[in-house]
Amino acid sequence: MKKIIAAAVAVLLGVITVFFSGCDALVSSLQSEEETTLPFSTSRTEDLDSTDAIAAYYNDLLTRAKEGRAGVSRETRYEISDLQIVSRELEGVTNEDGSQQSDPDLDVLNAAAQEVRAFIANAVKSSSASVAFGEDWGELAPNDIDELSYVEEASCIMGEETTEEGDTEIVYTNYYYGDLSFRPENYPLAVNSVLATVFPYPDEDVIVDEMAKMDDYIVLQDYDCVFEDNTINFSSDRITDQVDYANYTSVIRVTAHAQGVGQLADYGELTIYFTLRCANNYTFDWVDPSVTVA
């Protein structure tokens, strides 16, 4: 009888040992999962649910970066596209897709258009510049938004990480991504125009002076510009409110009137169309080079 009881006790102890070993493994697994799963971090600035709030937040990001003497690099780019010359009679006449209709005889006009494009491109060259962490920004400083009402629309969202296929859980990154859109304006821009101070517009006189050099083809009479698609998109660390990058982009639609001369004399009055895309792209560096990590 004692042997039977002893055997039963041994079996029971074995079961208990296996049970608690399983519990230990389960606890260990849960602890491991908890340690490897990043908890959600609260943003330093929240409630970015209105256009004014997002625009003010962007201004605050620039102020923090300037006062913190973050390093900054700027790349300025100008791109000319859709340049076309047509006789004045065809101005505003469009194809079925809405594009400007071309003249039947394109050879001479296309050659002139390429020359005009080259001259304008020469007037608005791309450039780059930078200052290191701890240095004053000087003229390299990005422009903030003096008048928030000029921002027509804005959005700011948290970044999301890609999860495994079939996983419906949303995992947020520590970054905000924002977009600001400004209302368009016509030329000439008002003296106090926010667009003129915020965006990297080239000097209009420079473009006119370059086009004036095309006197073998045209004599410029007048021109009109529409400043549209004015946007700023940015990214920031939402935990520290440190801006990562900011891209300023504006599109200028130009319509110019001219008198054809020389090879274009037979075409009489001409209209010149082109699109000028202006961009200032900034990146920020928050690493102090004097601090070394062992």
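Tutor: Helices (H or I, at least four residues) and strands (E, at least two) are DSSP runs, numbered from the N terminus, and by that rule the protein chain comes to five helices and eight strands. This is a predicted model, in which local features need pLDDT of at least 70 and side-chain atom pairs count only at pLDDT 80 or more, while totals for chains, interfaces and linings use all residues. Residues are numbered from 1 along each chain as its sequence is written, and side-chain values use heavy atoms, with hydrogens and water left out.

Student: In what order do the elements of the protein chain run from the N terminus on?

Tutor: The order is α-α-β-α-β-β-β-β-α-α-β-β-β.

Student: What makes S1 and S8 a pair of strands, and which way do they run?

Tutor: Two strands pair if DSSP finds at least two bridges between them. Strand S1 (residues 71–87) is joined to S8 by 15 bridges, and the two run antiparallel. Strand S7 (residues 242–260) is likewise joined to S8 by 15 bridges, and this pair too runs antiparallel.

Student: Why is Ser235 called buried?

Tutor: Ser235, which lies in strand S6, has a relative accessible area of 1%, and is therefore buried.

Student: What does the side chain of Ser235 reach, and at what distance?

Tutor: The side chain of Ser235 reaches the backbone oxygen of Tyr176 at 3.3 Å. A polar contact is a pair of N or O atoms within 3.5 Å; within protein, one must be able to donate a hydrogen and the other to accept it, and residues adjacent in sequence count only if both atoms are side-chain atoms. Contact in general means heavy atoms within 4.5 Å, and, leaving aside neighbours within four places in sequence, Ser235 is in contact with residues including Tyr175, Tyr177 and Asp244.

Student: Why is Ala196 described as partly exposed?

Tutor: Ala196, whose place is in helix H4 (residues 194–198), has a relative accessible area of 39%, and so Ala196 is partly exposed. Not counting residues up to four places away in sequence, Ala196 touches Leu189 and Tyr201.

Student: What is remarked on about the phi of Asp229?

Tutor: Phi of Asp229 is near 55°, a positive value in a residue other than glycine. Asp229 has its place in strand S6, and with a relative accessible area of 44% it is partly exposed.

Student: Where is Arg69 found?

Tutor: Arg69 is found in the loop between helix H2 (51–67) and S1. Phi of Arg69 is also near 55°, again a positive value in a residue other than glycine, and Arg69 is partly exposed, with a relative accessible area of 38%.

Definitions and conventions: Buried means under 20% relative accessible area, exposed over 50%, partly exposed in between (1.4 Å probe, protein chains only).
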